[in-house]
Amino acid sequence: MLPLLTISSGHHHVADAIKIELEQTGNFKCKKEELLSSTFGFGERLVSNVYLKWIQYNPTLYSSVYKKLAKSNVQSDSRYTIFEKMFLRSLRRIIREHKPVFVVCTHALPSYLLETLKKSGELTVPIINVYTDFFINDIWGKQYIDYHVVPDQAFKQTLIHNGVPPDQIHVLGIPVHHSIKSIPKRDHIEKETYKVLVSGGNLGTGNLLKFIQQLQSNGRIRYQILCGKNKRLYERISQLQKDWIHPLPYIDCREKMNQLYDENDAIITKPGGVTVAECLKKRLPIFIYDHLPGQEEYNLEHLSTQQLVYPLFRWREAERDILQILDDPNVFTDGQSKISDYHHRIEQRTATQVLTKVLENGV
């Protein structure tokens with residue numbers, strides 16, 4: 001399993017979810033390797049900190065660089081030689097030490113590097129891309145990758161356009177932890193008071209605190225704020241002393257998260273791939289209050305096109321906009337219909353079932 005960076009991210013959450021399910025079959029022993037720390041040791045922490053600060057303090061520049069690097073419409077055989085010089089030696093060592101029967105990539109950089117080894121004939125074991133966002137950037141390996149697990153039907157067509165055979169592409173959504181249980185239906189129930197989950201402050205990036213401070217309440221919504229490991233955010237929200245806002249500290253238990261999803265009527269979040277995938281599985285109305293530059297910009301673009309989320313960028317009017325969705329049975333039902341359409345586009349198999357088939361030359 002090859003994510004990138006050690007910070008908590010969708011790349012790790014997806015790798016962990018697949019790893020747990022594979023090992024529970026009793027047929028696999030999985031190892032997760034983070035390429036930067038394997039190559040540079042503690043230098044990875046510096047890279048992670050620079051990455052987070054860059055996003056936080058100069059999002060416009062980050063967005064511009066990301067677009068140029070990862071959404072440049074370059075040819076699929078273009079080379080990123082600087083990455084090859086930095087990481088190929090370390091990646092060869094990882095492969096040599098672990099002797100995998102297949103490799104799962106949940107980040108574009110390891111995928112690109114492995115495709116380089118496959119193309120040169122150095123590597124023959126199957127490579128599987130598992131995409132963790134509703135966007136496939138140009139860095140991902142494609143033509144020499146054996147299997148692709150994509151988040152929605154549109155991305156299958158994108159890969160086919162890039163020369164990937166259709167039978168190597170599986171539309172499974174973004175894999176999430178098995179403790180997040182799907183629900184078949186969410187009916188409209190008008191309530192005097194709704195419970196709404198708020199997420200997006202785990203890494204200390206973004207504008208969650210500013211959003212919370214601008215919320216105007218008429219008493220009909222109770223907000224539970226997921227602060228993650230961001231202790232400063234938890235303290236600042238606690239100091240607001242508003243009885244309709246309840247901050248929650250870091251929740252490591254996925255069963256507890258599943259319960260929170262079930263207890264709430266909607267969620268306000270950024271468009272991170274894994275969070276959105278979990279909420280779609282729970283059929284929660286999803287309101288987007290902000291997005292980080294890069295992947296989340298393109299996630300929001302796809303999700304908005306498919307009408308799977310509700311933009312919520314007029315912060316002072318957020319509660320009014322939320323209530324218009326939750327109170328109106330026609331609007332609510334239409335939103336649930338869009339979520340059902342999404343689920344109908346997804347194969348009724350798990351990533352674990354597909355990966356198990358890899359060893360049997362599966363389809």
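1. In this predicted model, V198 stands opposite I268 of strand β8. Strand β5 (residues 194-198) runs parallel to β8, and 3 bridges join them. Strand β9 (residues 286-288) also pairs with β8 in the parallel sense, again over 3 bridges. In that pairing I267 faces I286 of β9.

2. Strand β8 (residues 266-269) is covered on both faces. A266 and I268 are buried on one side, I267 and T269 on the other. From β8 the chain can be followed through helix α11 (residues 273-281) to β9, a right-handed β-α-β unit.

3. K191 lies in the loop between β4 (169-171) and β5, and D265 in the loop between α10 (254-263) and β8, so the pair ties together parts 74 residues apart in sequence. K191 is partly exposed at 30% relative accessibility. D265 is buried at 13%.

4. R345 and D152 form another salt bridge, at 2.8 Å. R345 sits in the α14-α15 loop and D152 in the β3-α7 loop, so this pair links parts 193 residues apart in sequence. R345 is partly exposed, at 24%; D152 is buried, at 1%.

5. Within helix α14, K338 and D334 are 4 residues apart, about one turn. Their salt bridge has closest N and O atoms 3.2 Å apart. Shared partners also join R314, E317, R320 and D321 into one salt-bridge network. The whole structure holds 20 salt bridges.

6. Aromatic pairs number 8. F211, Y289 and W315 form one cluster. The charged end of K229 sits over the ring of Y250, 5.0 Å from its centre.

Terms used
Residues are numbered from 1 along each chain as its sequence is written. This is a predicted model: local features need pLDDT of at least 70, side-chain atom pairs count only at pLDDT 80 or more; totals for chains, interfaces and linings use all residues. Side-chain values use heavy atoms; hydrogens and water are left out. Buried means under 20% relative accessible area, exposed over 50%, partly exposed in between (1.4 Å probe, protein chains only). Helices (H or I, at least four residues) and strands (E, at least two) are DSSP runs, numbered from the N terminus. Two strands pair if DSSP finds at least two bridges between them. A crossover is right-handed if, with the strands pointing away from the viewer, the path from the first strand over the helix to the second runs clockwise. Rings of Phe, Tyr and Trp (its six-membered ring) pair if their centres lie within 6.5 Å; planes under 30 degrees apart count as stacked, over 60 as edge-to-face and the rest as tilted. A charge sits over a ring if NZ of Lys or CZ of Arg is within 6 Å of the ring centre and within 35 degrees of the ring normal. A salt bridge is a side-chain nitrogen of Lys or Arg within 4 Å of a carboxyl oxygen of Asp or Glu.
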